[in-house]
Amino acid sequence: MIYLDNAATSFPKPERVITAISRYCREIGANPGRASHRLAREASAVVARTRRLLAHLLGGVDPSRIIITPSTTVALNLALKGLLHAGDHVLTSSMEHNSVLRPLHHLERLGITHTRIPCSPEGLLDPADVRRHLRPETRLIALVHASNVTGGLMPLAEVGALARELGLLLLVDGAQTVGALPLEPERLSIDLLAGPGHKSLLGPMGTGFLYVRPGLDLETLWEGGTGSHSESTAQPGSWPDRFESGTLNAPGLAGLAEGIAEVQERGVDAIAAHKTRIMERLYQELGLLPGVALYGPARRHECVGTLSFNVTGLASNEVAHILDTAYGIAVRPGLHCAPAAHQTIGSFPKGTVRVSVGPYTTEDEILALITAVEQILRYRR
Amino acid sequence: MLLLSEEPKENSESTMFLHDTTVIPKAPSEIDSLCEIVQVSQITKSGRKSSPVAVVREIPLTIFLNDHEIVTLLCTGAHVESLAVGFLTSEGLLRDRGRLGGVEVDHSRHIVRVSSSEDAAFAERLLGRRIITSGCGKGTIFYHVLDSLQSRPVEHHVPLRADQVRHLMGELNRRSELYRRSRGVHNCALALPEKIVLFRADIGRHNAVDMIIGECFLAGLSTQDKVLLTTGRITSEILIKCAKGGIPALISRSAATSLALQLARDLKMTVIGYVRGGNMVVYAGGEHIEP
């Protein structure tokens with residue numbers, strides 16, 4: 001099987017990730033922070049190590065400001081719902097995932113409004129448009145770093161500088177970029193960053209985080225046992241315990257630590273360069289085939305390792321079905337939980353065939369995909 | 001010998017069948033070869049009696065393409081060459097008539113071997129595999145991707161008048177000698193607006209359509225200026241066979257199904273059903289039918 005669905009989750013996972021999860025389950029097993037016996041201490045150390053590695057990856061931020069979550073979606077919900085109040089206005093883009101758009105839609109009933117800034121047909125945001133859609137009550141910019149449909153990167157540095165100038169908070173959805181690109185929130189004026197452990201960080205599913213810059217507070221969305229300040233029924237105020245009630249996915253975090261270590265040993269820049277090189281070839285060669293429509297920026301160095309295409313006359317799920325059934329190639333068709341992004345690039349409601357590569361994707365696998373698409377085009381009536 | 005008949009109904013084609021049955025004194029020999037005579041008990045209001053009755057023949061027919069076993073169809077055993085070629089073209093395994101090698105029939109073992117220099121590996125891998133949609137985005141309404149790959153919206157329509165439709169359906173029924181004899185087959189025909197050009201009958205309505213499509217493929221006969229007549233329901237399978245065979249319109253004495261009509265709308269095909277007693281139901285493509 002040729003796996004080209006890394007934007008959904010990376011696969012395969014490094015062997016060291018699998019070993020770490022297995023070792024945790026076989027040899028540690030205890031609940032982190034819930035006792036003082038040696039196994040519980042070791043479990044706590046696993047979680048602390050993962051948090052430290054994440055903090056280091058993000059440019060040396062304070063580890064206590066990294067809240068462990070089960071996913072990017074949970075992190076985004078915590079950020080939006082923990083931060084916003086009735087009367088607040090949010091600026092976001094037309095390329096967002098439903099993990100931002102659905103919480104914002106839900107918050108409308110609480111009197112929190114938002115504006116989706118239209119992006120270009122390539123799916124790119126003009127930073128000048130941010131200023132144009134400002135309102136007096138605007139408090140937050142919520143922006144995806146890279147589209148999960150086209151791979152196109154948003155102008156984060158410019159938007160961050162603008163947010164700082166205008167006194168707005170900036171929340172970044174890093175689902176497609178954490179671990180895929182160097183990403184340092186403090187350098188980019190990012191106040192909140194949500195990210196997954198199971199995509200470019202090569203960890204298992206069920207891991208994610210929310211970074212919140214020092215000095216910025218959030219309301220809790222759930223309360224409960226934290227293993228700390230148990231004498232009080234009030235939720236503790238200390239970070240990150242305040243936001244981590246309930247047992248953490250410690251085996252998953254053991255795996256995530258090894259995933260982060262693997263990414264750092266290979267080098268974030270080196271992985272990004274590899275993905276850009278093979279995606280440039282894919283984009284160029286698919287672009288030469290009559291009957292193939294490509295979406296997103298042509299400048300692949302302005303993208304992460306994801307691109308979208310369609311074959312004229314076929315539904316995206318038909319192309320994906322053929323690739324799976326006849327060629328053993330795994331891609332994701334449809335709307336990718338990002339209907340607004342597809343409306344922006346002109347592929348709604350049909351969707352697109354999304355190809356997303358990982359650090360282990362080879363050029364031969366990309367060539368196999370190109371050959372398969374050529375054969376589909378030849379067979380099509 | 002007992003001739004089975006449909007229950008007579010006022011203003012129905014079955015009434016005509018009864019009438020037609022009475023005017024055919026003896027079935028032709030080809031029809032004899034497709035029927036077997038069995039002894040049955042006939043129970044009527046006046047009692048029970050033993051009678052011989054004609055039943056249509058059913059055989060398993062196995063189709064090979066370049067020594068790959070593709071499918072076993074149940075059929076009457078008539079026109080097996082065109083049935084095999086029609087099935088293979090309908091399924092997208094044969095596309096280029098110029099690369100067809102030969103069609104060998106082993107009548108004793110009910111096997112048809114078709115050879116072609118086309119590479120059918122791509123289609124074979126997809127044959128019969130259903131597309132599973134994820135619910136994320138508007139997917140295809142085809143359930144087999146080979147159907148989608150080979151079906152394109154109709155570009156040239158066949159204008160028809162209602163009286164031509166009535167005449168063609170009457171003609172389809174008049175030709176159905178095997179049906180009158182056995183009541184065990186569906187009839188199918190390819191027709192120009194004014195006349196039937198090819199008639200086939202089989203126990204499977206799909207087979208009858210495949211025979212016609214196979215005959216057209218073998219003879220290089222154009223289909224885009226013709227319509228398909230059938231006695232069977234217009235289901236998605238029948239409609240898709242026509243779409244892939246380039247036939248723009250279907251006419252039936254029976255009804256159409258919902259999925260067939262969704263596909264007909266997408267493919268801009270004409271569908272007329274329930275052609276009985278001078279009436280008809282135009283399900284799709286009404287703009288091409290003159291009352």
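A salt bridge is taken here as a side-chain nitrogen of Lys or Arg within 4 Å of a carboxyl oxygen of Asp or Glu. By this criterion, the count between chain A and chain B of the predicted model is 0 salt bridges, although the structure holds 30 salt bridges over all chains.

In terms of extent, 23 residues of chain A are in contact with 28 residues of chain B, and the area buried between the two chains is about 2000 Å², of which 59% is given by carbon and sulfur atoms. Of the area that chain A buries against chain B, 39% is supplied by His321(A), Tyr379(A) and Arg381(A), which is more than any other three residues supply. On the side of chain A that touches chain B, helix H9 (316-327), strand S12 (332-334) and helix H11 (363-379) each supply at least two residues, and the largest share, 7 residues, comes from H9(A).

The axes of helix H3 (residues 72-83) and helix H4 (residues 98-107) of chain A come within 9 Å and cross at roughly 35°, and the crossing in which H3(A) passes H4(A) is right-handed. From H3(A), the contact is made by Thr73(A), Leu76(A), Asn77(A), Leu80(A) and Lys81(A), whereas H4(A) contributes Ser99(A), Val100(A), Pro103(A), Leu104(A), His106(A) and Leu107(A). The residues of this contact between H3(A) and H4(A) comprise 6 nonpolar, 4 polar and 1 charged.

An example of a salt bridge within chain A is provided by Glu27(A) and Arg23(A), whose closest N and O atoms are 3.3 Å apart. Both residues belong to helix H1 (residues 15-28) of chain A, where they are separated by 4 residues, or about one turn of the helix. In general terms, side chains of opposite charge can pair when their charged atoms come close.

Several features of the backbone of chain A were also noted. The peptide bond that joins Trp239(A) and Pro240(A) is cis, with omega at about 0°, and Pro240(A) is placed in the loop between strand S8 (208-212) and helix H7 (250-266) of chain A. A cis peptide bond is also present from Phe348(A) to Pro349(A), with omega near 5°; here Pro349(A) lies in the loop between helix H10 (339-345) and strand S13 (352-356) of chain A. Finally, Cys337(A), a residue other than glycine, has a positive phi, with a value near 55°, and its place is in the loop between S12 and H10 of chain A.

Definitions and conventions: Residues numbered from 1 in each chain as written. Chains lettered and ligands numbered in written order. Predicted model: local features only at pLDDT ≥ 70, side-chain atom pairs only at ≥ 80, totals over all residues. Heavy atoms only, no water. Contact = heavy atoms within 4.5 Å. Buried area = accessible area lost by both parts, 1.4 Å probe. Axes fitted to C-alpha atoms, helices over the stretch in contact; angles between N-to-C directions. Left-handed = near helix turned anticlockwise from the far one by under 90°. Nonpolar A, V, L, I, M, F, W, Y, C, P; charged D, E, K, R; others polar.
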